Amino acid sequence: MESYRLFVGIVLLIVVLILDESKTCTAQGLKTSTTTTTVKCSRKHSAVLTDFGGVGDGVTSNTKAFKAAIDHLSPLASDGGAQLIVPPGKWLTGSFNLTSHFTLFLHKDAVILASQEASEYPIILEAFPSYGARKNSTGRHSSLMMGRNLTDVVITGHNGTIDGQGASWWAKYKAQQLNNVGRPHILQILFSTDIQISNLTLLNSPSWFLHPLYSSNIIFQGLTILSPLDSPNTDGITPDSCSNVRIEDCYINTDDDCVTIKSGLDQNGIKMGMPSEHIIIRRLTCISRDNNVISLGSEMSGGIKDLRAEDVTAVTAQSAIAIRTASGRGGYIKDIFTRRFVLKTLRYVVRVNAFNTNHADDYDPSALSEISSIKCRDMMVENVTAPAKYEVIPGNTFTGVCFSNTTATIFPDLKTSFKVESWDLLPHANSKNIECPYPQNKLPIEDVALKTCSL
């Protein structure tokens, strides 16, 4: 009998040890939960925010929890990478840094809440090299999610939410209480490659939502981006001196531009010479109220070229395509191709404005921009003030604008409409029977597979 009791005791001990082992993950013995065992993101290691003291009550700060989790997972980048799961709950946090070969996954009932405490966003004094320091600037607040010199970063979810809680920042900005310090963005990532942001809802950014700089091979897919009326400078997606970018299947409803392409300011941008190029935008739905669907510039001194946009739907915007520059910008905007746009209630289909007043402290006003090869086709426009508006500096290079197969109705009180079968401003071109070209080759980023997580 005694030996039987000993046997039972040993069996029970083994069961306890097995159960305890099943609660650990391979990431250096971290405790895990049902969430980590069921979410698979093609990473070898996995952890949950609660493993590091995270509390999802919407009140407790999780800034230290995010930092501790990512600091712990960062060394695993060379060993198959790691994923951090944000489970259901409301997770209040300030700024935190990302790491390479890393996936941040938000459960469908998870909400990351950006702290409204300015102290949670350390001030960065270093200026962006393509913009340079400004005499009146006192730096910028860190963004909610930051990264620099990273490779292979995925931020995704099953439509989880990141809420920037920007109302307090907007109020301070309007009241001029920020002392010339720039507001946080939801995401700002620099000098990085292979970045994917997908299947999330982003709300109420203090300033721009998504701002990659000097980066390549970037995908934004399946995003809902929302900010209310009168939320200043809440641009949706802003690639800045970036190449090979794919933006698709996104719904953006903000008080500023839905997509903005930039590449540096005046002499610093010209000197760095890092263009935004090879960008594809498709299946975008945009409500921009009094701004633009796709804005090019006005900070474009490094150049913008080879942008393709197709299957875009927009309601209530200033312009479908806004080309913005100024004397002193230099650079170029060229090889811009659009097709299959459905637009309703706009001021202009295309607007060119070369009189923007935002400048570096020192710039050469004689540096003008080249604007060429703007090709727009297959557009249906309802309720537009005018098809195009051109405000160009005398002597500025501006050639090769083409519209074809475009039908529009002017606002009803103007009692007119127009149909453009072909209209080409190429010098000496015969406008009859011209169909504006659209590239037939694919960009490399179009063949990159989206990295998702499964339950």
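Analyst: One cut-off before we start: a residue is called buried when its relative accessible area is under 20%. Cys453 comes to 9%, so Cys453 is buried. Keep in mind that this is a predicted model.

User: OK. How many disulfides does a search of the whole structure find?
Analyst: The search turns up three disulfides.

User: Which residue does Cys41 pair with?
Analyst: Cys41 is joined to Cys453, with an S to S distance of 2.1 Å. That link is right-handed, with 120° about the S-S bond. It connects distant parts of the chain, 412 residues apart. Cys41 sits in the loop between α2 (34-38) and β1 (45-48), while Cys453 is in the segment after β25 (417-424).

User: And Cys41, buried or exposed?
Analyst: Buried: its relative accessibility is 6%.

User: Next one. What does Cys258 bond to?
Analyst: Cys258 forms a disulfide with Cys286, and their sulfur atoms are 2.0 Å apart. The torsion about that S-S bond is about 85°, so this disulfide is right-handed. Cys258 is in the loop between β17 (243-253) and β18 (259-261), and Cys286 is in strand β19 (residues 276-287), so the bond ties together parts 28 residues apart in sequence. Both Cys258 and Cys286 are buried.

User: What about Cys402 and Cys436, left-handed or right-handed?
Analyst: Left-handed, with -90° about the S-S bond. The sulfur atoms of Cys402 and Cys436 are 2.0 Å apart.

User: Where are those two in the chain?
Analyst: Cys402 is in strand β24 (residues 397-410) and Cys436 is in the segment after β25. The pair is 34 residues apart and links distant parts of the chain.

User: Why do they count as buried?
Analyst: Cys402 counts as buried because its relative accessible area is 0%. Cys436 is buried as well, because its relative accessibility is 0%.

User: If you number the bonded cysteines in sequence order, what's the pairing?
Analyst: It reads 1-6, 2-3, 4-5.

User: Switching topic: what's the relative accessible area of Cys242?
Analyst: Cys242 has 0%, so it is buried.

User: And Cys250, what's the relative accessibility there?
Analyst: For Cys250 it is 3%, so Cys250 counts as buried too.

Definitions and conventions:
Residues are numbered from 1 along each chain as its sequence is written. This is a predicted model: local features need pLDDT of at least 70, side-chain atom pairs count only at pLDDT 80 or more; totals for chains, interfaces and linings use all residues. Side-chain values use heavy atoms; hydrogens and water are left out. A disulfide is a pair of cysteine sulfur atoms within 2.5 Å. Helices (H or I, at least four residues) and strands (E, at least two) are DSSP runs, numbered from the N terminus. Buried means under 20% relative accessible area, exposed over 50%, partly exposed in between (1.4 Å probe, protein chains only).
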